[in-house]
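Here is a short briefing on a structure. Please look over the sequence and the fold before reading the points below.

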Amino acid sequence: MIDPGRLDRPTPPTGDVPGAVEREVILGVAQPPLQRARRGAILGGVCAGLAVRLGVRERTVRILFALGVLFYGAGLLLYVGVWLFLTRSGEAASIGDRLSKKRRALLVAVWSSVIVIALLIATRSLALQGTGGFVWTILLSAIGLLFVWRGASPDERTHIEAILDAAPVVGGAKARGTKAVALRVIPGVVLAGIGLDILAHIGGIWGGAVPALVGAMILLGGLLILLAPWWLQNVRDLTRERRERVRMEERTALIAHVHDSVLQTLTLIERAAGSEADVVRLARSQERELRRWLFDPDALNATHRATETLASMLAAIQTDVERDYATPVELVTVGDCPVDDDVLALVGAAREACVNAAKWSGAPRVAIYAEVEATSVSVFVRDTGRGFDLDTVADDRQGIKLSIRDRVTQHGGTATIRTSTGSGTEVQLVLARPAT
Amino acid sequence: MGQPRVFLVDDHELIRSGIRAELAGSVDLCGEADEVDAGAQMILERTPDVVLLDVHMPDGGGLEVLRRVHHVNPAICFLALSVSDAAEDVIAIVRAGARGYVTKNISGADLIDAVYRVAAGDAVFSPRLAGFVLDAFAESDPGLAALSSDPELDQLTPRERQVLRLIARGYAYKDIGAELEISVKTVESHVSSVLRKLQLSNRHQLTHWASERRLS
């Protein structure tokens, strides 16, 4: 079926064998790609997508699918299958492709389906012989939908959530009207009542098993409908909260890093303004470091983890600060431990504290003391310099708040800063550690 | 007490002149030597209060000087000086009888303070040495504690541990006193007690260093 509207496209230049090329061109140009539609989609955009491809009206395809459902649910199964394996317009991979790459999502979906199938086999042998093919197709479709949900792109997931919200029975958490509540409560109560009624009238030994199962399932269905909005709301709140927290943590890490590296280097460059060689050296090393951090952060962390320990990383701080600020750093470590994310944050905060002390305190030396105990790791950074008033630190001086305090508290540690004008500063960083 | 009489042993002329300049006027410098034999002999003749002793010298180093003097006249106090702060040097020389240990990058005022402290019979711990002692006397080996022949010598008290931690964090004795709400005198006695344990304890970590340096 060729969409007449597309024939007026310019045809590419023809080759040596005009006839053959022309045929291919017509085929390639005339047919839009087969994909799920975004525009006009009601559920997965399957019907709308097929309609575009076949050049017919969306409604026609929908009616065909609906009729297909009458054949033992084949239409439904076909719909879910297409949903799974056809790429959505504007996306790079189909849900099936995406799932095959997401091991965890795939595992969850596979196990859920195994459980459902086991349940079905159990019930089928007991009760559902008569209903035949329908049960299987509906079940397979449900499993397919489960896969769709697990594998959907974030964008499509939002779309599906919107559909669920609009559905009168499941959604309704947002809809507060009498009608919405009635739509939810009445079927819920009726189903629960029927289930209870069946359960109450059980008699005999074998006569009891089937009604017991059916009754229990109906009761369960009723309760699900009643509680669905509350449950969905909870899940959604949790997801949103987690997303928010992850975003906050990423932002803090980003600010802390930019502050530690780029801003510090700029200050160093400012100081070294007279010496061209120093400025070039500083700029180069900063550029290298920033590139590595931007484009290969995992490798950076991995090398840290593979080769470094707390003591070796603190020794690196000592070397760097002594070189960059010409201030002796006295380093004492008691015990040692491998570096994980938490320790990395602690080390980052210690580096910031040490740089601050070398830069601002005016003290002749800085002392770092680190102790690894069975249940905690502590680092103390101390100078005997001019100290400062914590309350008067300007808001744009983010070092103390972001690079030291937030960084450590985010990893479950504490950061205490003891200072007063004229009597030096000590930054105390303590991180609880699971006992090994 | 007047100015302590100090004798200086170091094989580097530059270092000796530097230390001379730092100490001039604050202590009574009664002599110096640049090698082991002459050093040991002159020290025994002049009986200074404190010997400032370079750890690394040819013919056995500061350790050899300390040994020769110590078994003849244990009243002479030694304060070791070194460019390095490596545990093997520190532990060997302290166990041989030195009452303290400072690195050569110490400031003049701190060096004078250390000399006076040693002359008064106290111990001088650098932060690094304090850290090492904490490491060597780590609590977490009940097996070793059970094996130990003298638990009093082989373990630090909680208070001693606190004092050492603060030294390792770079606190001066008077700051430690203020922090723990005890007198400077008490801090000193804790440090001396740690020094005694460090010299006499047979803990594995300590004898390990000693045996490596063929000291035991």
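How many residues of chain A are in contact with chain B? The number is 11, and they touch 10 residues of chain B. Contact here requires C-beta atoms, placed from the backbone, within 7 Å. This is a predicted model: local features need pLDDT of at least 70, side-chain atom pairs count only at pLDDT 80 or more, and totals for chains, interfaces and linings use all residues. Residues are numbered from 1 along each chain as its sequence is written, while chains are lettered from A and ligands numbered from 1 in the order in which they are written.

**Interface, chain A side**

- Strands E1 (329–334), E2 (366–372) and E3 (376–383) of chain A each give two or more residues to the side that touches chain B. Strands (E, at least two residues) and helices (H or I, at least four) are DSSP runs, numbered from the N terminus.
- E1(A) gives the most, with 4 residues.
- By class, this side has 7 nonpolar, 2 polar and 2 charged residues. Ala, Val, Leu, Ile, Met, Phe, Trp, Tyr, Cys and Pro count as nonpolar, Asp, Glu, Lys and Arg as charged, and the others, Gly among them, as polar.

**Cores**

- The largest nonpolar core has 101 residues. Such a core is a set of buried Ala, Val, Leu, Ile, Met, Phe, Trp, Tyr and Cys residues joined through C-beta atoms within 7 Å.
- Buried means 20 or more other C-beta atoms within 10 Å of a residue's own; exposed means 12 or fewer, and partly exposed lies in between.
- Residues with the most contacts inside this core include A:Leu346, A:Ala350, B:Leu79 and B:Ile93.
- Helix H14 (residues 341–361) of chain A supplies the largest share of this core, 11 residues.
- Leaving aside neighbours within four places in sequence, A:Ala350 is in contact with A:Leu314, A:Ile317, A:Ile368, A:Val379, A:Val381 and A:Leu429.
- Another core lies apart from it, with 19 residues, among them A:Leu50, A:Val52, A:Leu86 and A:Leu99.

**Chain A overall**

- Chain A has 15 helices and 5 strands.
- Of its 436 residues, 23% count as buried.
- Among contacts in chain A between residues at least 6 apart in sequence, 63% join residues at least 24 apart.

- Helix H11 (residues 276–295) has 20 residues and reaches 28 Å from its first C-alpha to its last. H11(A) lies largely in the open, because the number of its residues buried is 1.
- A:Val110 lies in helix H6 (residues 103–126). A:Val110 counts as partly exposed because it has 15 C-beta neighbours inside 10 Å.
- A:Val110 and A:Ile143 are 33 residues apart in sequence, but 8.8 Å apart in space, C-alpha to C-alpha.

Conventions
Two residues are in contact if their C-beta atoms, placed from the backbone, lie within 7 Å. The expected span of a helix is 1.5 Å times one less than its number of residues.
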